[in-house]
Amino acid sequence: PGEDPIGKIILRGNRNNPVEKRRAIVVGVVPAVEAEGFAEGPHLFQAYLAQSQIGNNEMNFVIRTDVDPRSLADSVRTVMAAVDPNVPAYGIATMDELIARESGTQRLYVIVVSLFAGIALLLAALGLGGVVAHAVAARRREIGIRMALGALQRQVVSLVLRQGALPLAVGLAIGLVGAVVAGHLIAAQLNKISPCDPVALSLAVATLVATGLLALWLPARRAAKVDPMIALRTE
């Protein structure tokens, strides 16, 4: 650390067997890359060696093109066959296909989690709306008296919204704390994402608030349309 690595010698191979050690001179430094996939993260040490130093029996070629990459597959095979007809060209894929293949498991997790999250959000909205609707029905006579004495519809709506806002706020606070705790528990499974990501938490809170207000607004509107005479007569 703190030294210029260019020109320094590194030993690679089995440190306990001097015969297997191979000397290599550092000729350049490149940024860290995630060579083994997105979830693995960058390696602590990644070396790029000449073909004569490693002697691999296979190589990867990356071709950049402005046309459809798949349209060049036959051309690639033709060029490689012209260099050496005994070397097969296989595993040809576009970068989009490689990325999709690599991130397939993560996308499946996202779909499953999103599905269950949507169901949970729907159940929460139905539950909150049902509780408020039941409370409004229980206070039907009170609302009728308020409106008979001159209460405006917006005042009735505000009354019902305030009644449901308290459990909504308490639920959001408990859920926010639970999300932070759960995020730290699964921090090892998160790649380049903070368990307390402010953007994600803000979007979640905004979605829950909007859903909760919608669930409260519907029974509040029904309460505001109560005919005071009918409400009083039924009692």
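A: A pocket here is an open set of grid points where a 1.4 Å probe fits, with protein on both sides within 12 Å along at least five of seven lines. The model is a predicted one. In it, the second largest pocket holds about 1,600 Å³ of space.

The lining of this pocket is made up of 40 residues, and those nearest its centre are V110, V113, S114, I186 and L190. By class, the lining has 25 nonpolar residues, 14 polar ones and one charged residue. Three helices, α4 (104-138), α6 (153-185) and α7 (198-224), each contribute at least two residues to the lining. Of the contributors, α4 gives the most, with twelve residues.

These helices can be taken in pairs, starting with α4 and α7. Their axes come within 9 Å and cross at roughly 30 degrees. Angles under 35 degrees count as roughly parallel, so α4 and α7 are roughly parallel to each other. The crossing of α4 past α7 is right-handed. On the α4 side, the contact uses L121, A125, L128, G129, V132, A133 and V136. On the α7 side, T207, L208, T211, G212, A215, L216, P219, R222 and A223 take part. The contact of α4 with α7 has eleven nonpolar residues, four polar and one charged.

The next pair is α6 and α7. Here the axes come within 8 Å and cross at roughly 155 degrees. Because angles over 145 degrees count as roughly antiparallel, α6 and α7 are roughly antiparallel to each other. This crossing of α6 and α7 is right-handed. From α6, the contact takes in Q153, V156, V157, V160, L161, G164, A165, L168, L172, L176, A179 and V180. From α7, it takes in L201, V205, L208, V209, G212, L213, L216, W217, A220, R221, A223 and A224. The contact of α6 with α7 divides into 20 nonpolar, three polar and one charged residue.

One further contact involves α4. The axes of helix α3 (residues 95-102) and α4 come within 4 Å and cross at roughly 55 degrees, which means that α3 is oblique to α4. A100, R101 and E102 of α3 meet G104, Q106 and R107 of α4. By class, the contact of α3 with α4 has one nonpolar, two polar and three charged residues.

How values were computed: Residues numbered from 1 in each chain as written. Predicted model: local features only at pLDDT ≥ 70, side-chain atom pairs only at ≥ 80, totals over all residues. Heavy atoms only, no water. 1 Å grid on protein atoms, 1.4 Å probe; cavity = no way out; pocket = protein on both sides within 12 Å on 5 of 7 lines; lining within 4 Å. Points joined across faces, edges and corners; volume = space filled by probe spheres on them. Nonpolar A, V, L, I, M, F, W, Y, C, P; charged D, E, K, R; others polar. Axes fitted to C-alpha atoms, helices over the stretch in contact; angles between N-to-C directions. Parallel < 35°, antiparallel > 145°, perpendicular 65-115°, else oblique. Left-handed = near helix turned anticlockwise from the far one by under 90°. Contact = heavy atoms within 4.5 Å.
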